[in-house]
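Please look over the sequence and the structure below before reading the notes. The briefing after them is arranged by topic.

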Amino acid sequence: MSQVKAIIGLANPGTEYEATRHNAGAWLLEALLRRAGGELRAEKKFLGRHARIHLDGQELHLLEPTTFMNRSGGAVAAMAKFFKLTPDELLVAHDELDLDPGTARYKTGGGHGGHNGLRDIIQALGNDKGFHRLRIGIGHPGDARQVTNYVLGRPGKAERGAIDAAIDECLATLPQAVSGDWTKAMQRLHSFKP
């Protein structure tokens with residue numbers, strides 16, 4: 001399997017959204033930067049904030065689009081084109097309604113599952129769904145009509161603690177994932193219980 005050369009953390013821009021469930025992908029990038037060192041800097045040509053880090057000797061691009069979630073694809077496509085990255089070299093971290101807080105899963109390919117950020121990325125990559133995903137569980141409100149308010153709401157203290165524990169486990173498995181050892185990364189992450 002191919003090596004990951006870029007990790008994209010999906011979010012909505014602005015301080016009013018920083019602590020909301022929809023920004024779980026950006027929370028992963030922040031945690032990774034705290035561990036690896038580095039800082040996201042505004043990069044207009046990528047429509048986002050970008051950093052370059054080294055993880056276990058491998059160079060990685062990190063990108064947090066500063067567009068709204070449903071326009072994430074432009075940022076991802078711009079960075080991929082600039083650095084000549086193929087979709088299978090991208091790992092997109094995002095919030096996942098279908099997983100409970102404290103749970104995270106790797107996935108390669110597939111549809112968007114109703115996630116507007118993924119939908120836009122798929123379109124921007126020419127309908128190529130072959131990128132990797134890191135699905136960070138935020139739980140479901142139980143009623144489809146409540147989803148928008150739920151993802152744009154802040155998790156409670158215990159819920160955020162469970163999400164952060166899953167993100168810590170994601171960080172522990174990232175070296176295997178980015179080097180292409182998906183089996184090992186999945187075995188560890190998918191068996192994690194907070």
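The notes below cover strands, a helix, the nonpolar cores and the aromatic rings.

This is a predicted model, in which local features need pLDDT of at least 70 and side-chain atom pairs count only at pLDDT 80 or more, while totals for chains, interfaces and linings use all residues. Residues are numbered from 1 along each chain as its sequence is written, and side-chain values use heavy atoms, with hydrogens and water left out. Helices (H or I, at least four residues) and strands (E, at least two) are DSSP runs, numbered from the N terminus.

- Strand β1 covers residues 6-9, and its residues are all buried; buried means under 20% relative accessible area, exposed over 50% and partly exposed in between (1.4 Å probe, protein chains only).
- Ala6 and Ile8 point one way from β1, and Ile7 and Gly9 point the other way.
- β1 runs parallel to strand β4 (residues 58-65), joined to it by three bridges; two strands pair if DSSP finds at least two bridges between them.
- β1 also pairs with strand β5 (residues 90-96) in the parallel sense, over four bridges.
- Isoleucine 8 has leucine 63 as its bridge partner in β4 and stands opposite valine 92 in β5.

**Helix α6**

- In helix α6 (residues 182-190), the buried residues are Trp182, Ala185 and Leu189.
- These residues lie on the same side of α6 because they cover an arc of only 65° around the axis; the arc is that of the directions from the helix axis to the C-beta atoms.
- Thr183 and Gln187 are exposed, on the face of α6 turned away from its buried side.
- The buried residues of α6 pack against β5, β6 (104-108), β7 (132-137) and α5 (157-178).

**Nonpolar cores**

- In soluble globular proteins, nonpolar side chains tend to be buried together.
- A nonpolar core is a set of buried Ala, Val, Leu, Ile, Met, Phe, Trp, Tyr and Cys residues joined through side-chain atoms within 4.5 Å.
- The largest core has 37 residues, of which Ile7, Leu28, Leu62, Tyr106, Leu134 and Leu174 touch the most other members.
- Helix α5 gives this core its largest share, eight residues.
- A second, separate core has 18 residues, including Ile8, Leu63, Ala75 and Val92.
- Apart from neighbours within four places in sequence, leucine 28 is in contact (heavy atoms within 4.5 Å) with Ile7, Ala93, Leu134, Ile136, Ile167, Cys170 and Leu171.

**Aromatic rings**

- There are five aromatic pairs in the structure; rings of Phe, Tyr and Trp (its six-membered ring) pair if their centres lie within 6.5 Å, and planes under 30 degrees apart count as stacked, over 60 as edge-to-face and the rest as tilted.
- Tyrosine 17 and phenylalanine 68 form an edge-to-face pair, because their ring centres are 6.0 Å apart and their planes are at 90°.
- Tyrosine 17 is in the loop between β1 and α1 (24-36) and phenylalanine 68 in the loop between β4 and α2 (72-82), so the pair ties together parts 51 residues apart in sequence.
- Phenylalanine 68 counts as partly exposed, at 44% relative accessibility.
- Phenylalanine 46 and phenylalanine 82 are also edge-to-face, with centres 5.4 Å apart and planes at 70°.
- Phenylalanine 46 is buried, with a relative accessible area of 2%, whereas phenylalanine 82 counts as partly exposed, at 45% relative accessibility.
- Phe46, Phe82 and Phe83 are linked into a cluster by ring pairs.
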